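Opening the notebook on this one. I'll jot down what I looked up, in the order I got to it.

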Amino acid sequence: MNRIKYLAVGILMLTVNYCSMAQKNLVTNGGFEDELRGWVDYSAKATPYIFSSGKMSSALFSSDPSKWTGMHQIVALPKNTQYILMSAKIKVDDVGTGKEDWNGALFLFEMLGKGEAKIGEGINIASATGDQDWKLYERAYIVPPGATSIKLLFALGYVSGTMFVDDVSLKVISQAEYEKYL
């Protein structure tokens, strides 16, 4: 009888541990409350003037549509991760359209394997132009075999304008949670 109790407690602990891991945001400083700590920026700035929540957000500005401006963060995935949910709130002001259909204020990612080698093509979660108030973008994905990390990117892709980013999140989710996004 004691073995059954210990086994039940062990299973419960594993379940609780998995559930708590599934809810943890793996992004460092996704709310930009600590300026740009954790992010690699190419012309990004932290701002206390416009934000979705907390006291800060990140802002990308461009007056030159011939340039790519942005920021990224490489996020390590826990071993055996199968499903992820990525989200961010984005606001755009006067973002122009570029020569290509994909130009705009972009939220995209790349799956990375050993040595940060890119697996497959980058995937665009959102592309915005014009003026848009804060909008939540979120998508669930299956993690391909061999992926050990994800490179989250936010950019003004060869357009002029302003992009604000806040509440960036990457979480491990279960198959059942993933299926809710299909």
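**Surface patch**

I started on the outside, where Trp68, Trp102 and Tyr158 make a nonpolar surface patch with about 290 Å² of accessible area together. Patches take residues with over 30% relative accessible area and no salt bridge, joining like charges within 9 Å and nonpolar side chains (Val, Leu, Ile, Met, Phe, Trp, Tyr) within 5 Å. Areas are Shrake-Rupley with a 1.4 Å probe, and for residues only the protein chains shown count as cover. Trp102 sits in the loop between strand 5 (83–95) and strand 6 (104–112). I have Trp102 down as partly exposed because its relative accessibility is 40%; buried is under 20%, exposed over 50%, partly exposed in between (1.4 Å probe, protein chains only).

**Ground rules**

The model is predicted, so local features need pLDDT of at least 70 and side-chain atom pairs pLDDT 80 or more, while totals for chains, interfaces and linings use all residues. Numbering runs from 1 along each chain as its sequence is written, and side-chain values use heavy atoms, leaving out hydrogens and water.

**Layout**

I find two helices and 10 strands in the chain; these are DSSP runs (H or I, at least four residues; E, at least two), numbered from the N terminus. The order is α-β-β-β-β-β-β-β-β-β-β-α. Of the 182 residues, 42% are buried.

**Salt bridges**

How many salt bridges does the structure hold? I get four, taking a Lys or Arg side-chain nitrogen within 4 Å of an Asp or Glu carboxyl oxygen. One of them joins Lys89 to Asp167, with 3.5 Å between the closest N and O atoms. That pair ties strand 5 to strand 10 (residues 161–172), 78 residues apart in the chain. Lys89 is partly exposed at 27%, and Asp167 is partly exposed at 21%. I also looked up Glu110 with Lys118, at 3.6 Å. Glu110 counts as buried at 16%, whereas Lys118 is partly exposed at 44%.

Asn80 has a positive phi, near 65 degrees, and is not a glycine. Asn80 lies in the loop between strand 4 (68–76) and strand 5 and is exposed at 76%. Glu116, in the loop between strand 6 and strand 7 (118–128), also has a positive phi, about 60 degrees.

**Pocket**

Asn80 turned up again in the lining of the largest pocket, whose other residues include Leu77, Pro78, Val143 and Thr148. A pocket is an open set of points on a 1 Å grid over the protein atoms alone where a 1.4 Å probe fits, with protein on both sides within 12 Å along at least five of seven lines; lining residues have an atom within 4 Å of a point. The space is about 190 Å³, as filled by probe spheres set on the points, which are joined across faces, edges and corners.
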